[in-house]
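Please examine the sequence and the model before reading the solutions.

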Amino acid sequence: MGAQQVRDGFVGLYGAEPEGLWAAPGRVNLIGEHTDYNDGFVMPFALPHVTVAAVSRRTDGLLRLHSADVGGGASAPVELRVDELTPESDRDWTAYPAGVVWALREAGHAVTGADVHLASTVPAGAGLSSSAALEVVVALALNDLFELGLRGWQLARLCQRAENVYVGAPTGIMDQTASACCAEGHALFLDTRDLAQKQIPFDLAAEGMRLLVVDTRVKHAHSDGEYGKRRAGCEKGAALLGVDALRDVPYAKLDAVLGRLGDEEEVRRLVRHVVTEDERVERVVSLLESGDTRAIGPVLTEGHLSLRDDFRISCPELDLVVDTANASGALGARMTGGGFGGSAIVLAEETDVPAITKAIEEAFATAGFTTPRVFEAVPSAGARRLA
Ligand code: ADP
Ligand code: MG
């Protein structure tokens with residue numbers, strides 16, 4: 001699926017050339033998991049996998065939406081009226097792009113309609129944030145076409161609002177910011193409290209390393225509910241400790257703070273994960289900045305153990321990837337994304353990649369798990385206009 005095909009698809013559907021073509025990537029989070037709704041640190045990078053949208057303005061209030069990835073691409077465009085969009089109105093895939101239009105209009109931007117056709121190479125539901133890629137590509141196209149002058153982080157905020165309020169998925173700000181703001185050859189160090197950003201050079205190939213993404217193809221049916229429970233537990237922890245967010249608990253005082261949580265066993269585990277995870281992000285940043293890239297491997301694995309044992313959101317497939325990769329010579333590995341399935345990442349020397357991949361595939365076969373999809377993740381560009 002290339003940009004030309006998306007353009008051709010648009011012409012076939014709407015009978016005219018699109019005004020432009022845009023792309024927004026999926027992302028992998030290198031480190032900083034479940035910290036974004038605790039005002040903490042995250043460090044995603046963009047994938048080469050993108051959602052491409054061909055878009056034209058309309059002035060008659062009509063919003064027409066079509067995805068080549070839904071129903072084999074054979075269906076007609078969905079037609080909505082921009083002045084009738086409400087968070088209750090639709091619940092299928094169109095809620096993501098319609099939610100973006102709704103959020104822009106709610107913020108006072110005169111978006112008067114659009115024709116949209118899109119297609120994606122971001123695997124959906126694999127924890128690689130196809131939802132943010134979809135939102136951000138639409139937001140960027142409308143920002144350009146209607147000359148709204150919004151910056152990447154502002155578009156990300158509006159996309160988050162679309163996903164939280166319109167789609168009804170309580171996600172943090174990381175995914176949309178990653179898709180909107182990442183840079184090629186870099187990871188994005190993001191402070192989710194004030195959205196301060198720093199691009200950290202992360203060019204593994206130049207140093208003879210690779211980062212593998214292993215999509216376990218597992219999707220936990222209750223992941224939304226579990227996410228909500230973790231989030232509520234973190235909020236309870238912050239309230240018990242009298243801080244605005246767990247970000248405000250200093251790592252140096254963690255032991256004393258945990259002692260104050262008395263018999264709140266579960267809250268204590270959640271707090272410990274979030275506070276130690278923020279510290280791991282800062283450690284990874286300083287290791288990368290001092291050129292000690294290989295040393296981030298063990299920090300990734302530490303992060304996985306914290307997610308498995310304290311946050312309790314791993315699953316047997318993710319644990320098997322991490323254990324097998326590390327036993328076969330990986331520098332480090334961890335689950336990435338929301339948990340209960342989705343993908344894991346593996347940092348490895350380039351020369352060890354074939355053996356590690358083979359070991360993971362064999363371990364999955366032996367365990368009777370679905371064959372995982374393994375691919376290499378090259379830190380790629382954020383959202384951009386193609387034509
Ligand atoms: P993730 O963001 O991890 O891929 P989500 O459940 O958050 O998983 O988002 C996946 C949903 O986003 C899909 O079920 C679909 O509704 C929507 N989506 C993503 N990409 C596309 C696409 N190319 N076409 C239509 N819908 C899409
Ligand atoms: Mg998503």
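**Exercise 1.** Which residues are buried in helix 2?

*Solution.* The model is predicted, so local features need pLDDT of at least 70 and side-chain atom pairs count only at pLDDT 80 or more, whereas totals for chains, interfaces and linings use all residues. Residues are numbered from 1 along each chain as its sequence is written, and side-chain values use heavy atoms, with hydrogens and water left out.

Step 1. Buried means under 20% relative accessible area, with a 1.4 Å probe and protein chains only. By this criterion A95, P97, A98, G99, V100, V101, W102, A103 and L104 of helix 2 are buried.

Step 2. Nine of the twelve residues are buried, so helix 2 is largely enclosed by the rest of the structure.

Step 3. The partners of these buried residues are strand 4 (62–67), strand 5 (78–81), helix 3 (130–145) and helix 4 (152–167); contact means heavy atoms within 4.5 Å.

**Exercise 2.** Describe how helix 10 packs against helix 11.

*Solution.* Step 1. Helix 10 (residues 316–327) and helix 11 (residues 353–367) pack at an angle of about 140 degrees, and their axes lie 9 Å apart. That makes helix 10 oblique to helix 11, since angles under 35 degrees count as roughly parallel, over 145 as roughly antiparallel, 65 to 115 as roughly perpendicular and the rest as oblique.

Step 1. From helix 10, E317, L320, V321, T324 and A325 meet I356, A359, I360, A363, F364 and A367 of helix 11.

How values were computed
Chains are lettered from A and ligands numbered from 1 in the order in which they are written. Buried means under 20% relative accessible area, exposed over 50%, partly exposed in between (1.4 Å probe, protein chains only). Helices (H or I, at least four residues) and strands (E, at least two) are DSSP runs, numbered from the N terminus. Axes are lines fitted to C-alpha atoms, for helices over the stretch in contact, and angles run from 0 to 180 degrees between N-to-C directions.
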